[in-house]
Amino acid sequence: MRGERLLFSDVNFALSPGGFLQLTGPNGSGKTSLLRIICGLMKPERGEIRWQGEQIRSLGEEYFRSITYLGHRNAVKEELNSLENLRISSGLAGCELSRAHAQKALSRVGLAGRENLPARFLSEGQRRRSALARLITCSTALWILDEVLASLDHAAVTLIESLIGEHLSKGGMAIVATHQELHISAGSFQRLELEPGVPSGAAPMGWTS
Amino acid sequence: MSAPSAFSMFRWIVARDLTLAWRRRADVLATLFFFVIVVSLFPLGIGPETQLLRSIAPGVVWVAALLASMLSLGRVFANDDQDGTLEQMLLTPQPLYLVVLGKILAQWLVSEVPLVLIAPLIGLQFDLASDTLVILFVSLLIGTPILSLIGSIGAALTLGLRGGGVLIALLILPLYIPVLIFGAGAVDASINGVSSQANLSLLGAFLVVSLVFAPWATSAGLRISLE
């Protein structure tokens, strides 16, 4: 539900370690809303999200320790350089980084040599890459990525595919909202297509790991 | 990866906001200059009538402080909301209360402390005695954190609204009234040669209460605004 409008109902899925879920659907079908609900940023009108069998509401901060969410916006501060951005955002996410670690993560996402440039001098794609570095530094179990491929070049798409692949083969999970095809070697693949909402009796939304 | 503690996250927030403020010095200076200029306009407008100036001084300085804090409050969460960092803060594995408290502390250090420090200096324009200047300083020192704390509730609630700035003022200024009364009252008492202790104690009590409740209310407001 967004405002008075029913976006989707009868959404039901479960992900187990190594599981990958691609979320597709036309613009405005509620992909972002669903991802924000999964993160716990929004409350579903009806239904529930469970993490390891427990409601995420009752887990609270414990649940946030297990997820990394990359939204539409990069959460990159224009005034800070990539190194500061990464170290601060990782620090807030509960995993403090040494300078060297941060540097390594940034060179992995192709920002070597640009660590000390304030983010306002970076291109949109480079900011996106800088945000991606967070995935590497905080080894959380579940990645929730919203339109992560927007404004990225081919090399970066390949980078994301390999990052997700590695993550899945280590037993991680990922939920990605995107229209593009992702070629991921490891893990089990699911696709969920959201259709423009048709009101019907909503079933509880399940989410387990 | 070291185990995160609540305190280290609090430190990250404060350090981050101070760095950001340093890189955006113009915003901070604008608030300070606003305060200085508003307060200085009164002696210029009224002329050298020391008796009158002395009696209006507490009110003028305090009202200017309230208005100056309105200026900086709109920014506390709005910038972080625009680039998505606020969303990430809501997803930190530590209590949101701490995040909010850290941001308020940083806002106070950056926007209010300079104003508190300069207040005795501009108080000279009103021909205040030195012990009154001390009371002015102390009352602002206790009172301005309350402004930041209460104001953050308004900032959280009006987040993402068009014309949020005006709305903050309508929402928050009435809540500032007790602070204004006791803050200006303390200085007034000192001018009239009475003890300001009662007023300052009440301000202190307000500070404690708002320290407990405001971050909590702000957290709730942020969750609602970002839904």
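**View 1. Contacts of B:V61 in a predicted model.** In this predicted model, B:V61 touches B:V39, B:A119, B:G123 and B:L136, leaving aside residues up to four places away in sequence. B:V61 also belongs to the largest nonpolar core, which has 118 residues.

**View 2. The largest nonpolar core.** Which residues touch the most other members of this core? They are A:I144, A:A174, B:V61 and B:A65. Helix α6 (residues 130-157) of chain B gives the largest share of the core, 13 residues. Chain A takes part through both domain 1 (13-66 + 140-209) and domain 2 (76-138), each with at least three residues in the core. In soluble globular proteins, nonpolar side chains tend to be buried together.

**View 3. The two domains of chain A.** Where they meet, domain 1 of chain A supplies ten residues and domain 2 of chain A supplies eleven. On the domain 1 side, helix α7 (residues 154-169) of chain A provides the largest share, four residues. That side of domain 1 is made up of six nonpolar, two polar and two charged residues.

**View 4. The buried side of helix α5 of chain A.** Helix α5 spans residues 99-108 of chain A, and A:A102, A:A105 and A:L106 are buried in it. Why do they sit on the same side of α5(A)? They cover an arc of only 100° around the axis. The buried residues of α5(A) pack against α4 (82-92) and α6 (124-137) of chain A. After α5(A) comes A:G110, with a positive phi near 85°.

How values were computed
Residues are numbered from 1 along each chain as its sequence is written. Chains are lettered from A and ligands numbered from 1 in the order in which they are written. This is a predicted model: local features need pLDDT of at least 70, side-chain atom pairs count only at pLDDT 80 or more; totals for chains, interfaces and linings use all residues. A nonpolar core is a set of buried Ala, Val, Leu, Ile, Met, Phe, Trp, Tyr and Cys residues joined through C-beta atoms within 7 Å. A residue is buried if 20 or more other C-beta atoms lie within 10 Å of its own, exposed if 12 or fewer, and partly exposed in between; C-beta atoms are placed from the backbone. Helices (H or I, at least four residues) and strands (E, at least two) are DSSP runs, numbered from the N terminus. Domain bounds come from an automatic or database domain assignment. Two residues are in contact if their C-beta atoms, placed from the backbone, lie within 7 Å. Ala, Val, Leu, Ile, Met, Phe, Trp, Tyr, Cys and Pro count as nonpolar, Asp, Glu, Lys and Arg as charged, and the others, Gly among them, as polar. The arc is that of the directions from the helix axis to the C-beta atoms.
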